[in-house]
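Please read it alongside the sequence and the coordinates shown here.

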Amino acid sequence: MINIANRYGNVQEYYFSHKLREVAQLNAAGRSIINLGIGSPDMAPPQEAVEALCAAAQQDSGHGYQNYKGTPALRQAFSDWYANFYAVTLDPETEVLPLMGSKEGITYISNAYLNEGDEVLVPNPGYPAYAAATRVAGGVVRHYDLREESGWLPDLEDLHRQDLRKVKLMWVNYPHMPTGAKASKAALSQLVDFAERNDILLCHDNPYSFILNDKPESILSVKGVSEHVLELNSLSKSHNMAGWRVGMLAGHSKHISNVLIAKSNVDSGMFLGIQQAAIEALKQPQEWYDKLNARYAERRTFAWQLLDALDCTYSTEQVGLFVWGRTRGDVAVGQLVDELLYEAGVFITPGFIFGSNGDRYIRVSLCADTDQLQTALERIKAFKKTKIKLT
Ligand SMILES: Cc1ncc(COP(=O)(O)O)c(C=O)c1O
């Protein structure tokens, strides 16, 4: 018997990996499912980025393996982006590491730092990759609670009272996915203090700061680059480039070197054309983000109506690429999501995939145009009418 390695024994296939297969099967059977599940931007990347990629692909040179650390020009572009939009100074030579998306960074950080049995503070609810990467690296997941009544911010006093001696890493993510909660500068500052006091490496995952958010914040703006803080960022959402796989890690040179050890033993650099395209994307002025957000704001009004139709409550202060709604107490969320998929032809993400504190919630993605959202709304209203008739 050839079995999967023990390290994957308590890690499941990623939810969307199997659920989207189900959606594809329904579509193949003639249904046209409206996918409001995953946060994969459907709008075009900046034109300059597309042109840079095409131009690079036409060249005879530049098709070989690339530098594991990315080109100096790309690192400089990331550093300029941080200076312009977050007022953070990063040395492009030592404090920036381009990545193929920020998701791989979660794995590389975990592999670079966790020894067997090291504990990791992981948000509940939160992005599932933090727990999966921890377990695969041999670490132990210690969930910390985020609750609506506390603005989805961790209770640091409660954490502080616990025995944290085995905790080596802590994952935080603001604007928070899936809840859309923001953290103020003061809250980010408390997180940094907490990490310093407990000698924990605080890893801030920051892919949503430009979406429906007036003022993007970096945790590195609290005290600058330091031994206790790392930040992941990404062009997936901010520049509609999720499939291009471009992200970055920013932080202390020691951490960048350590993560590079993990990374350079896995991949062999990012295609030069994608790096050149990313440089163009990072040069976009404020208007790029404003235009993008005008579209998302329009979509969000439909998403709110959709949640109203499902009798959900939600905060209109949320930021990021999703709207997170609380279902009525008597609703079985898993059943609702399956009924919406199979009967109404609308795919929405159940909150429980993000942890037990998401049990009562659903998440609606804004990565569908207003026509699709309008149709989804009509389908849901019709579905509700049939349900009422049947009961
Ligand atoms: C919180 C969070 N972090 C990281 C990622 C991964 O982004 P990337 O495309 O940069 O790998 C996602 C993607 O949905 C996310 O929601």
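Leu-212 counts as buried because its relative accessibility is 13%, and its phi is near 55 degrees, a positive value in a residue other than glycine. The model is predicted, and the points below are grouped by topic.

**Backbone geometry**

- Leu-212 is located in the loop that runs between strand E6 (201–205) and helix H8 (220–223).
- Asp-311 likewise has a positive phi, of about 60 degrees, although it is not a glycine; its place is in the loop between helix H11 (286–309) and strand E9 (322–326).
- Asp-311 counts as partly exposed, with a relative accessibility of 35%, whereas Leu-212, at 13%, counts as buried.
- The peptide bond joining Asn-124 and Pro-125 is cis, with omega at about 5 degrees, and Pro-125 belongs to the loop between strand E3 (119–124) and helix H5 (129–136).
- A cis peptide bond also joins Met-177 and Pro-178, where omega is about 15 degrees; Pro-178 is found in the loop between strand E5 (167–172) and helix H7 (185–197).

**An open sheet and the helices on it**

- Four strands form an open sheet in the order E1-E10-E11-E9, and their pairing is mixed.
- Strand E1 (34–36) and strand E9 stand at the edges with a single partner strand each, so one side of each is left without a neighbour in the sheet.
- From one strand to the next, the twist of this sheet averages 30 degrees.
- Helix H11 packs on the sheet and touches E1, E9, E10 and E11, while its direction makes about 20 degrees with that of E9.
- Strand E10 (residues 346–350) pairs with strand E11 (residues 361–365) in the antiparallel sense, over two bridges, and Thr-349 stands opposite Arg-363 in E11.
- Helix H12 (residues 333–344) lies across E10 and E11 and runs at about 165 degrees to E10.

**Cysteines**

- The structure holds zero disulfides.
- Cys-367 is buried, with a relative accessible area of 9%, whereas Cys-54 is partly exposed, with a relative accessible area of 43%.

- When its neighbours within four places in sequence are left aside, Leu-260 is in contact with Tyr-68, Lys-69 and Leu-97.
- The C-alpha atoms of Leu-260 and Met-270 are 14 Å apart in space, and the two residues are ten residues apart in sequence.

**Salt bridges**

- The structure holds 20 salt bridges, including one in which the side chains of Asp-145 and Arg-147 meet at 3.0 Å, N to O.
- Both residues of that pair count as partly exposed, Asp-145 at 37% relative accessibility and Arg-147 at 36%.
- Asp-193 and Lys-223 meet through their side chains in a salt bridge of 3.2 Å, N to O, and this pair links distant parts of the chain, since Asp-193 is in helix H7 and Lys-223 is in helix H8, 30 residues apart.
- Asp-193 counts as partly exposed at 31% relative accessibility, and Lys-223 is also partly exposed, with a relative accessible area of 43%.
- Asp-311, the residue with a positive phi of about 60 degrees, meets Lys-384 in a side-chain salt bridge of 3.4 Å, N to O.
- Asp-311 lies in the loop between H11 and E9 and Lys-384 in helix H13 (residues 370–390), so the pair ties together parts that are 73 residues apart in sequence.
- Lys-384 is partly exposed, with a relative accessible area of 23%, and Asp-311 counts as partly exposed at 35%.
- Salt bridges that share partners join Asp-311, Arg-328, Asp-330 and Lys-384 into one network.

Note on methods. Residues are numbered from 1 along each chain as its sequence is written. This is a predicted model: local features need pLDDT of at least 70, side-chain atom pairs count only at pLDDT 80 or more; totals for chains, interfaces and linings use all residues. Side-chain values use heavy atoms; hydrogens and water are left out. Buried means under 20% relative accessible area, exposed over 50%, partly exposed in between (1.4 Å probe, protein chains only). Two strands pair if DSSP finds at least two bridges between them. Axes are lines fitted to C-alpha atoms, for helices over the stretch in contact, and angles run from 0 to 180 degrees between N-to-C directions. Contact means heavy atoms within 4.5 Å. A disulfide is a pair of cysteine sulfur atoms within 2.5 Å. A salt bridge is a side-chain nitrogen of Lys or Arg within 4 Å of a carboxyl oxygen of Asp or Glu.
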